[in-house]
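Colleague: Could you take a close look at one part of this model for me? Please start at the surface and then go to the inside.

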Amino acid sequence: MFGPTYPDNWKEMSSDEKFEFFKGLMLSTEHRKFDTEEAEQTYVRRAKRWLDVAENKIPDRVPNFMMGSPIMWDEAGITQKDTFYNSEKVAEAAIKFQEEFEPEFGTMAMTNGGEMLDLLGVNIMRWPGSSRPDALPDNTAFQYIEKEVMPPEDYEKLTRNPEGYLIRSFYGKIFDGLTGLSGLTNLFNAIEPAVVAGVVMNVGTGPIREALETIMKAADVAMANMGPAMAVGGQLAAKYGFPAIMGGMSFAPFDILGDTLRGTKGIMMDMYRRPDELLAALDAITPMAIEMAVGGSYASGVPFATMPLHKGADGFMSNEQFEKFYWPSFKALLEGIIDAGLIPMSFVEGSYNQRLDIIADSDLPKNKTMWWFDQTDMKAAHEKFGSWATIGGNIPASLLATGTPEEIDAACKEVIELCMPGGGYFLAPGCSPEQIPGENIHAFINSTKKYGVYDKEAVAA
């Protein structure tokens with residue numbers, strides 16, 4: 001286990017006890033360095049504010065949350081290519097954004113690792129500056145290339161051994177530099193010391209060795225590129241009292257299959273042509289999805305696991321299909337994350353107006369989930385989720401980009417006053433916005449200080 005030092009009886013602790021450990025870790029300042037006493041106090045106040053909201057309690061005031069990478073880059077005047085190949089500029093952009101707008105949560109100095117992607121030979125994505133012939137212009141956002149990577153005949157292989165299938169069959173198809181992994185032997189062949197030599201010889205020669213060497217080169221580059229971003233996280237906390245609230249990350253099992261393995265068209269057809277195979281595969285990969293979320297959060301010590309939801313949105317499938325194909329494995333993922341002492345935060349992309357009753361009536365644990373809505377009706381979300389879960393979101397990115405500061409202030413005021421009663425609410429855009437005028441960013445961030453205060457004596461930092 002990486003990251004913080006966990007108690008010796010960790011495995012015996014209940015999920016509530018584990019979360020209390022994480023709360024203490026997040027609120028503690030003993031292992032953190034701050035430039036000033038004010039920064040330390042600001043950190044504690046903000047950390048407590050987010051924890052209160054996450055547990056569906058009433059904080060001192062409504063927090064605001066903004067995934068800031070695109071707008072940070074806009075404000076700093078760096079190109080999309082820079083975000084892939086110049087991590088120093090990305091780090092500088094994060095600091096500049098913090099100094100100008102003073103967000104309390106959410107902004108990150110994310111770098112996209114273009115050199116790493118080049119080394120691996122990623123072929124399901126296009127990005128600016130790429131060494132591939134289909135590289136995009138320098139200031140164009142990256143794009144995924146959707147295709148049916150896994151043929152439907154491979155469902156049985158995936159279900160029988162999900163990780164083995166990814167390593168031997170999937171990665172070589174999406175990473176041109178890792179085609180050699182297809183020849184990797186079953187690692188159970190090394191279960192006894194007397195037969196280890198065969199496995200070692202297998203990985204040490206030919207295409208497999210080349211693939212592993214490519215992975216090591218890519219790892220070195222990734223670690224070097226992440227250095228400035230990791231350093232900025234510490235600087236923001238030390239100088240501005242900026243707590244980290246993004247721990248692990250995962251995806252709904254249906255989205256894991258539908259986004260990259262089968263593709264949208266493939267998984268839509270599978271619901272009709274191969275429903276039993278699809279359901280069996282979803283069950284098989286759910287433990288992997290849980291491990292993704294838990295591993296990231298345990299490594300960071302941050303007890304929040306984010307999951308962007310894609311193909312469960314209204315309009316993609318009927319409610320009957322949602323209840324059969326999407327919700328059971330997704331619910332199991334949520335419950336697995338909660339059992340690990342964490343709080344899942346689902347980024348509900350698109351609209352979930354047709355799904356609210358299904359989720360609200362599903363007996364999920366009370367005050368253990370967070371829902372960041374994109375286009376869902378916030379009045380309905382507050383009525384149906386507010387008594388048992390934390391909600392936020394649905395300030396349109398289009399309004400942030402094209403509206404006036406007065407219009408943004410009014411929209412934020414409306415949703416804050418609608419959703420803040422009873423606590424458990426955070427203000428957020430419906431998605432990660434781009435090309436927002438600075439005065440509109442200020443209007444968004446300042447709105448919670450104007451309209452979202454519960455404790456009138458609280459400091460508005």
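Colleague: Which residues make the nonpolar surface patch of about 240 Å²?

Modeller: This is a predicted model, where local features need pLDDT of at least 70 and side-chain atom pairs count only at pLDDT 80 or more, while totals for chains, interfaces and linings use all residues. Residues are numbered from 1 along each chain as its sequence is written, and side-chain values use heavy atoms, with hydrogens and water left out.

Leu-212, Ile-215 and Met-216 make the patch (nonpolar side chains joined within 5 Å, each residue with over 30% relative accessible area and no salt bridge; areas by the Shrake-Rupley method with a 1.4 Å probe). Leu-212 belongs to helix H10, residues 206-240 (a DSSP run of H or I, at least four residues; a strand is a run of E, at least two). Leu-212 has a relative accessible area of 34%, so it is partly exposed (between buried, under 20%, and exposed, over 50%).

Now the inside. In strand S4, residues 343-348, six of the six residues are buried, so the strand is largely enclosed by the rest of the structure. Ile-343, Met-345 and Phe-347 point one way from S4, and Pro-344, Ser-346 and Val-348 point the other way.

S4 pairs with strand S3, residues 304-309, in the parallel sense over six bridges (pairing takes at least two DSSP bridges). Within this pair, Thr-306 is opposite Met-345. From S3 the chain passes through helix H14, residues 319-339, to S4 in a right-handed β-α-β crossover (clockwise from the first strand over the helix to the second, with the strands pointing away from the viewer). S4 also runs parallel to strand S5, residues 370-373, joined by four bridges, and there Val-348 is opposite Phe-373.

Methods:
Buried means under 20% relative accessible area, exposed over 50%, partly exposed in between (1.4 Å probe, protein chains only). Patches are made of residues with over 30% relative accessible area and no salt bridge: like charges are joined within 9 Å, nonpolar side chains (Val, Leu, Ile, Met, Phe, Trp, Tyr) within 5 Å. A salt bridge is a side-chain nitrogen of Lys or Arg within 4 Å of a carboxyl oxygen of Asp or Glu.
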